[in-house]
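I opened this entry to keep track of what I looked up, one topic at a time.

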Amino acid sequence: MLKMIVCMKQVPMVSDLPWDPVTGTLTRDAAEGMMNPACKHALEAALMLKELCGGHITAMTMGPPMAEEILREAIALGADRCLMVSDPKMAGADTLATSFTLARAIEIFCPDFDLILCGCHTSDSETAQVGPQLAEELDIPSIAAVEDLDLRGDALRIKRVSDNFLETLEMDLPGLVTVATGFFNPRYTSMAGLHDAFREPGILTVGARDLGLGEDAVGLQGSATRIVDIFSPVAKKENIVLKGAPKKIVEELLDRFDDTIGSLIRKDLKAVK
Amino acid sequence: MAQNMRSIWVFGDYRNYFQNRVTLQLLSRATDLAKKIGAEVCATVFGHEVDEWVGEYIAHGAARVYVCDNPGLKFYSTDIYVALMERIVRQYGPEIILVGATSFGREFTPRLAKRLKTGLTADCVGLDIDDAGLLVQTAPAFGGNLLTKIVTPEKRPQIATVRPGVFQEIPHNYQATGEIVNVPLPGDLPRDRVRLISSERQVSREQKLGEAPVVVCGGRGMGSKTRFKNLFELARVLGGEVGATRPVVYAKWADEDALVGQADRHISPKVLFSFGVSGAIQHTAGIKNAGFIIAVNKNPNAAMMKMADVAIVADAGQVCTTLIRELKKRIRT
């Protein structure tokens with residue numbers, strides 16, 4: 001039986017979020033939350049593996065108390081157990097502090113896991129770092145943005161596309177994968193299932209003290225990075241106007257923006273000399 | 001002793017042409033940043049038979065290149081590359097490390113930063129030095145709706161992954177000279193816990209319009225069904241998908257599933273080529289998450305032209321065929 005942990009995050013449903021001008025961190029409890037879309041794909045991948053080869057799924061999250069909602073949603077979708085890591089001291093954590101805290105919680109509350117699944121990135125901070133850093137903290141292998149998973153004895157066979165290479169990889173277990181969106185399409189949550197999940201007794205919630213962690217190890221204090229400014233990049237478009245004969249315009253376009261366009265379409269557009 | 005001089009490192013990511021370009025762009029930016037803090041620019045190159053890249057990085061501004069050339073490094077490996085990088089970082093102590101935000105860079109760098117217990121900012125779209133000499137890293141959040149400026153005040157090195165195409169590479173200078181530091185492959189590197197079974201270059205893959213990174217969108221300004229068809233050829237050359245406005249779908253120049261608009265399909269390409277689209281709100285609401293926009297229209301006052309990064313005032317059909325021809329000439333594979 002495959003013992004799995006799915007790490008998930010509650011993200012704000014709106015994009016115009018208020019932030020704390022003093023600490024420069026987002027005031028997450030001011031917005032409606034939802035399960036981060038990529039985390040849904042990670043949960044779906046875990047559910048698929050469970051159906052295929054049997055397994056047990058622990059859904060865990062770190063966040064403010066309201067993030068409990070996504071754990072209940074995970075139960076409704078088929079997770080067996082939940083773990084909530086929540087403590088005001090953990091606020092403002094960067095990926096270094098987050099992965100450190102998650103690792104300690106896993107070591108204490110689900111030490112005998114085989115596989116950790118994370119979404120490939122969140123829709124809010126978009127770093128895609130917590131998965132690989134959690135694996136590093138636990139000293140286990142990791143593979144990012146996987147598209148297909150297949151259990152083969154003690155190893156996991158994985159397909160993914162990395163920098164335009166279609167790769168088939170085999171990873172020792174225990175290990176960690178981050179799941180690409182676009183595969184493992186999430187199933188629907190039934191209203192009845194959600195209703196039952198919210199009637200379940202309280203979810204196991206642990207704080208810094210339960211993990212034996214001091215204030216300086218978690219949250220903003222345990223972070224290496226600081227946000228010094230947040231701003232909206234709107235209306236930054238230069239609106240450059242090109243006029244003239246088509247051939248001249250096209251050459252000018254490709255000469256002036258060869259790096260910009262070239263990197264976006266992943267082709268070299270430098271003029272052949 | 002140069003070893004005591006502050007240094008900015010660029011991770012030499014060269015696995016394919018596109019990744020190598022990011023490395024060159026970062027060398028260019030590192031050169032600017034190095035002037036501000038009195039540092040020297042270094043590159044690292046890991047792999048097998050990598051002389052070509054070492055020479056190229058020196059020609060693009062690296063004063064020193066740390067090279068580990070060994071058959072055991074033939075394939076990119078996160079486990080091995082992190083272990084190797086950790087050793088030389090601890091030995092030489094760079095102030096800053098820049099890595100391209102390629103698939104590999106985004107997988108390798110988080111583990112490296114964690115191993116070194118330092119900060120990392122992902123997918124930067126800007127890098128600068130503040131008055132205190134800290135690296136100011138500008139990174140997008142919330143789908144690019146917000147930008148954040150991030151610093152790593154105390155931990156070293158300061159590490160950032162940088163989005164391709166943000167910086168312009170400097171022309172190569174083959175008169176440039178640099179020091180090559182050969183790093184022997186340590187005998188006690190960890191075993192790789194991930195095994196590569198197979199790897200093949202992806203030529204193209206079917207992609208959904210909603211998720212396509214490159215979209216070519218056409219409107220009535222394309223003039224006719226025949227001319228509209230050229231957009232499919234342009235999309236093929238660009239490796240993208242074709243989208244259409246409602247009038248075009250009504251006129252049966254394009255299929256219903258190409259329709260882009262408020263109540264239809266929302267797209268969020270990194271680059272959008274918009275041909276002969278006037279920019280009615282029903283359409284523009286579906287493209288508000290597009291990145292770099294190039295619009296072509298005879299009418300310079302069309303709404304679509306006003307929201308473009310580059311507005312081309314010309315006949316959409318003519319620009320389309322010219323662009324196809326010029327792209328085919330330039331794109332090497």
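Before listing any neighbours, I noted that two residues count as being in contact if their C-beta atoms, placed from the backbone, lie within 7 Å. I also wrote down at the start that this is a predicted model.

**Entry on A:Asp114.** I looked for A:Asp114 and found it in the loop between helix 3 (95-109) and strand 6 (115-119) of chain A. Leaving out residues up to four places away in sequence, I listed what A:Asp114 touches, namely A:Leu2, A:Lys3, A:Met4, A:Leu173 and A:Pro174. I then checked the separation of A:Asp114 and A:Asp172, which are 58 residues apart along the chain, and got 9.5 Å between their C-alpha atoms. A:Asp114 has 18 other C-beta atoms within 10 Å, so I recorded it as partly exposed.

**Entry on the contact between the chains.** I looked up how chain A meets chain B, and found 70 residues of chain A in contact with 78 residues of chain B. On the side of chain A that touches chain B, the largest share, eight residues, comes from strand 9 (residues 165-172) of chain A. Sorting that side of chain A by class, I noted 33 nonpolar, 17 polar and 20 charged residues.

I followed strand 9 of chain A further, and saw that seven bridges join it to strand 11 (residues 194-201) of chain B, the two strands running antiparallel. Within strand 11 of chain B, the residue opposite A:Thr168 is B:Ser198.

I then turned to an open sheet of four strands, with the order 12(A)-8(B)-7(B)-6(B) and antiparallel pairing. Which strands stand at the edges of the sheet? They are strand 12 (226-231) of chain A and strand 6 (126-129) of chain B, and because each has a single partner strand, one side of each is left without a neighbour in the sheet. Ignoring direction, I noted that neighbouring strands of this sheet are turned by 25° against each other on average.

Strand 7 (residues 135-141) and strand 8 (residues 146-151) of chain B pair in the antiparallel sense over five bridges. I found B:Ala139 opposite B:Thr148 in strand 8 of chain B.

**Entry on the domains of chain B.** Finally, I read in the domain assignment of chain B that domain 1 covers 2-182 and domain 2 covers 209-330. Taken over C-alpha atoms, the centres of domain 1 and domain 2 of chain B are separated by 36 Å.

Terms used
Residues numbered from 1 in each chain as written. Chains lettered and ligands numbered in written order. Predicted model: local features only at pLDDT ≥ 70, side-chain atom pairs only at ≥ 80, totals over all residues. Nonpolar A, V, L, I, M, F, W, Y, C, P; charged D, E, K, R; others polar. Pairing = 2+ DSSP bridges. Buried ≥ 20, exposed ≤ 12 C-beta atoms within 10 Å, placed from the backbone. Domains from an automatic or database assignment. Axes fitted to C-alpha atoms, helices over the stretch in contact; angles between N-to-C directions.
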